Amino acid sequence: MEIITLSHGSGGKTTHKLIENLFYKNFKNDILLQKNDSSILQKMNGKVAVTTDSFVIKPIFFLGGDIGKLSICGTINDLAVSGAKPMYITVGFIIEEGLEIGILEKIVMSMAKMAKQANVKVIAGDTKVVEKGSVDKIFINTTGIGLIEDRQLYLCANNIQEGDKVIISGSLGDHGMCIMSQREELGLDANIKSDCNLLNTLIKDILNTSKNIRIMRDPTRGGLATTLNEIIAHSNRSIVLNEKDIFIKEEVMSMCQMLGFDPLYVANEGKVVVIVSKDDANKVLDTMRGDPLGKNATIIGEIIDDNKNRVYLKTDIGGTRILNMHDGELLPRIC
Amino acid sequence: MKYIKEFRDPKLAQKMLNDIWHNTKKDITIMEVCGTHTMSILKNGIRDLLPPNINLISGPGCPVCVTPQWYIDTAIALSERDNVIITTFGDMIKVPGKSSSLKLEMALGRDIRIVISPLDALEMAKQNPKKEVVFLGIGFETTAPIIALSIYKAKNENIKNFSILQSIKTMPNVMKEVVKDPQVNIDGFLCPGHVSAIIGVKPFEFLSEELNTPAVIAGFEYCDIIAAIYYLVDMANKEKYEVKNIYNRIVKYEGNEKATAMMNKVFVLSNSEWRGLGNIKDTGFKMKEAYKNYDVKSKIDIKIIPSPIPKDCLCGEILKGIKKPTQCKLFSKVCNPSNPIGACMISQEGTCGAYYKYKIR
């Protein structure tokens with residue numbers, strides 16, 4: 001069994017071997033193979049979007065994905081929701097010595113597959129190896145560069161108007177509960193699949209359907225409730241959601257009930273929330289439902305003008321509660 | 001998991017709510033004593049749907065909230081020892097001690113691990129024979145059977161490096177204490193569904209028989225809770241006092257006999273200290289003589305310095321439903337989830353945390 005050692009990160013022969021045999025082999029493209037200290041890009045015709053994210057997930061392989069797939073999808077989705085066409089991505093690895101090369105290869109292959117699927121080039125990378133115990137197996141940072149071809153397009157919370165509709169592309173809480181259920185130390189036996197996926201095609205179709213998309217976000221960490229709070233924070237408006245229209249899979253709901261989590265605060269990795277004008281909402285909904293990743297899309301709420309910047313949830317039985325910004329980490333409860 | 005959807009029926013809920021509006025003729029105060037009920041009432045927005053003369057208050061039903069501060073300080077002191085692994089239910093780690101919390105100690109590198117069962121902690125003890133694995137034993141009759149089982153198994157399997165920092169509590173006697181308080185006026189109890197699943201109906205019958213207070217044992221979906229309120233209003237109107245079990249899909253009259261047998265094998269009733277309420281007779285469990293080696297206090301000499309509740313923190317009155325969190329000087333301004341002064345603010349099921357989170361005034 002071949003493992004990663006400190007010499008793989010030393011910059012010497014072993015490092016080069018790893019770069020050639022693993023990274024160049026899987027990520028190869030004209031820009032990466034310039035093999036320079038920096039990759040030179042051609043002039044881009046439009047506004048440029050940039051985003052960066054680091055991935056530190058445990059376990060690194062989970063039902064529906066792995067840290068590699070997640071690190072590409074997460075960054076590409078962040079570009080896409082800003083209205084950008086994802087073009088390039090850079091990858092940085094921090095690896096704990098002792099990691100099997102076979103595992104690293106699986107992760108890299110999964111990244112390459114996703115990048116290819118999104119038509120995105122991996123244009124630069126870095127590998128560091130640290131002593132055992134300094135990181136947990138592998139951490140990955142990705143930075144994405146995207147092109148906004150439509151010069152008029154600017155998606156932001158200021159665009160939001162009273163009466164706008166809130167659409168979510170499908171079920172909530174799948175990723176977070178998948179990860180929680182697969183943590184060894186909790187010893188839970190559940191079969192929840194992460195929704196980790198690329199959203200760029202779905203989002204492109206949404207933008208082609210309506211010129212009145214106000215803002216889009218992918219509700220990752222903190223879940224839908226936190227994302228909507230972030231959106232509404234600077235808008236002078238509030239959101240009212242209808243609980244009965246929000247889809248949560250039964251297995252996700254059961255796990256949340258057991259551990260005392262609210263699925264509206266649990267992470268998603270393949271969902272998009274769209275705020276769109278009232279008139280275009282049904283059109284956008286139809287487009288979303290035409291894509292496998294949006295087949296369970298529903299209109300879950302609307303924007304009201306009350307100067308309070310709040311997210312309200314109308315419960316099944318007609319009560320109302322406020323969904324606040326989440327504070328601190330989610331912890332399994334006692335009983 | 002079955003039995004969720006069946007008890008989430010908006011039409012049925014609406015019908016019962018209409019009846020409640022129609023039947024509520026006088027002011028009625030109902031206390032719930034289970035954190036999961038507190039959360040469900042808030043999550044479903046039930047308060048908004050009730051007539052204004054029904055007052056729902058929360059009692060001492062959140063296991064984290066009722067844990068005294070010295071307990072956290074002791075756990076922190078234990079975590080500072082090199083040969084100790086602290087294992088705990090998740091909610092406990094954020095609870096503030098005198099000058100730190102388990103969460104802060106974790107960040108400083110102490111070996112503190114979150115588990116969802118003490119049996120996992122026992123497993124950890126087997127895997128770490130050179131370390132003392134201490135489980136923070138808190139909760140009510142809900143957690144007591146599994147903690148008892150872990151101790152029983154440890155003794156049977158001769159595992160010597162496993163112990164419990166004990167503060168397990170029992171529910172019925174503290175309810176009696178709350179009702180007897182002249183400052184508290186309760187017209188009905190929403191009895192704790194989980195606790196009842198273990199101990200059954202009988203231990204709550206004193207409420208109606210001795211104290212003329214009606215009670216309903218109910219589940220946690222909104223139809224369960226609204227139905228319980230419906231019956232409590234009805235009994236209060238008719239001055240009919242009984243303990244009604246409408247959670248009979250889970251709660252049997254005699255409870256879970258296997259679980260209570262395990263509890264009784266390992267534990268015996270003892271006095272227990274409740275945050276803000278003080279030391280109350282027969283409201284806790286301690287280990288029987290045969291198992292006392294599994295009490296960490298018998299193994300490790302730890303000096304427990306009782307520390308008073310921080311000044312102005314109204315935990316005790318809030319736990320008894322005498323005051324609302326918004327009446328506490330510290331609420332929201334000084335004490336909030338990012339800077340909790342009391343456990344009630346930090347627990348998911350704590351009254352103060354819930355008032356803060358859902359902006360209840």
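Two strands are taken to pair if DSSP finds at least two bridges between them, and in the predicted model described here pairing of this kind gives chain A an open sheet of seven strands in the order E8-E10-E7-E11-E9-E12-E13, with mixed pairing. Strand E8 (213-217) and strand E13 (320-322) of chain A stand at the edges of this sheet, and because each has a single partner strand, one side of each is left without a neighbour in the sheet. Averaged over the sheet and with direction ignored, neighbouring strands are turned by 25 degrees against each other. Within the sheet, strand E7 (residues 165-168) of chain A and strand E11 (residues 298-304) of chain A run antiparallel and are joined by four bridges; Val166(A) has Gly301(A), in E11(A), as its bridge partner. Helix H6 (residues 223-232) of chain A packs on this sheet, where it touches E7, E8, strand E9 (238-242), strand E10 (273-276) and strand E12 (311-314) of chain A. The direction of this helix makes about 135 degrees with that of E12(A).

Elsewhere in chain A, residues 44-148 are listed by UniProt, in an unreviewed entry, as "domain: PurM-like N-terminal". In the model, this span is 30% helix and 44% strand, and its end C-alpha atoms lie 9 Å apart.

The peptide bond leading from Lys58(A) to Pro59(A) is cis, with omega near 5 degrees, and Pro59(A) is placed in the loop between strand E1 (47-55) and strand E2 (61-62) of chain A. Asn119(A), although not a glycine, has a positive phi of about 60 degrees; Asn119(A) is found in the loop between H3 and strand E5 (121-130) of chain A.

Helix packing in chain A is illustrated by helix H1 (residues 13-27) and helix H3 (residues 101-117), whose axes are 9 Å apart and which pack at an angle of about 15 degrees. Since angles under 35 degrees count as roughly parallel, H1(A) and H3(A) are therefore roughly parallel to each other, and H1(A) passes H3(A) in a right-handed crossing. From H1(A), the contact is made by Leu22(A), Phe23(A), Asn26(A) and Phe27(A), and from H3(A) by Leu104(A), Glu105(A), Val108(A), Met109(A) and Ala112(A). By class, the residues of this contact divide into seven nonpolar, one polar and one charged.

Chain B contains an open sheet of four strands, in the order E4-E3-E5-E6 and with parallel pairing. Its edges are formed by strand E4 (112-114) and strand E6 (162-166) of chain B, each with a single partner strand, so one side of each is left without a neighbour in the sheet. Neighbouring strands of this sheet are turned against each other by 30 degrees on average, direction ignored. Strand E3 (residues 84-88) of chain B pairs in the parallel sense with strand E5 (residues 132-137) of chain B over four bridges, and Ile85(B) stands opposite Val133(B) in E5(B). Helix H4 (residues 69-79) of chain B packs on the sheet and touches E3, E4, E5 and E6 of chain B, its direction making about 140 degrees with that of E3(B). Helix H6 (residues 118-127) of chain B also packs on the sheet, touching E3, E5 and E6 of chain B, and its direction makes about 170 degrees with that of E5(B).

H6(B) takes part in a helix pair as well: its axis and that of helix H7 (residues 144-156) of chain B come within 8 Å and cross at roughly 25 degrees, which makes H6(B) roughly parallel to H7(B). The crossing of these two helices is right-handed. Pro118(B), Leu119(B), Ala121(B) and Leu122(B) in H6(B) meet Ile146(B), Ile147(B), Ser150(B), Lys153(B) and Ala154(B) in H7(B), and the residues of this contact comprise seven nonpolar, one polar and one charged.

A further helix pair in chain B is formed by helix H1 (residues 10-23) and helix H11 (residues 222-238), which pack at an angle of about 20 degrees with their axes 10 Å apart. H1(B) and H11(B) are therefore roughly parallel to each other, and their crossing is left-handed. Residues of H1(B) in this contact include Leu12(B), Met16(B) and Ile20(B), while those of H11(B) include Tyr222(B), Ile226(B) and Val233(B). The contact as a whole has twelve nonpolar, two polar and two charged residues.

Definitions and conventions. Residues numbered from 1 in each chain as written. Chains lettered and ligands numbered in written order. Predicted model: local features only at pLDDT ≥ 70, side-chain atom pairs only at ≥ 80, totals over all residues. Axes fitted to C-alpha atoms, helices over the stretch in contact; angles between N-to-C directions. Parallel < 35°, antiparallel > 145°, perpendicular 65-115°, else oblique. Left-handed = near helix turned anticlockwise from the far one by under 90°. Contact = placed C-beta atoms within 7 Å. Nonpolar A, V, L, I, M, F, W, Y, C, P; charged D, E, K, R; others polar. UniProt positions renumbered as here; feature names shortened; annotations may be inferred.
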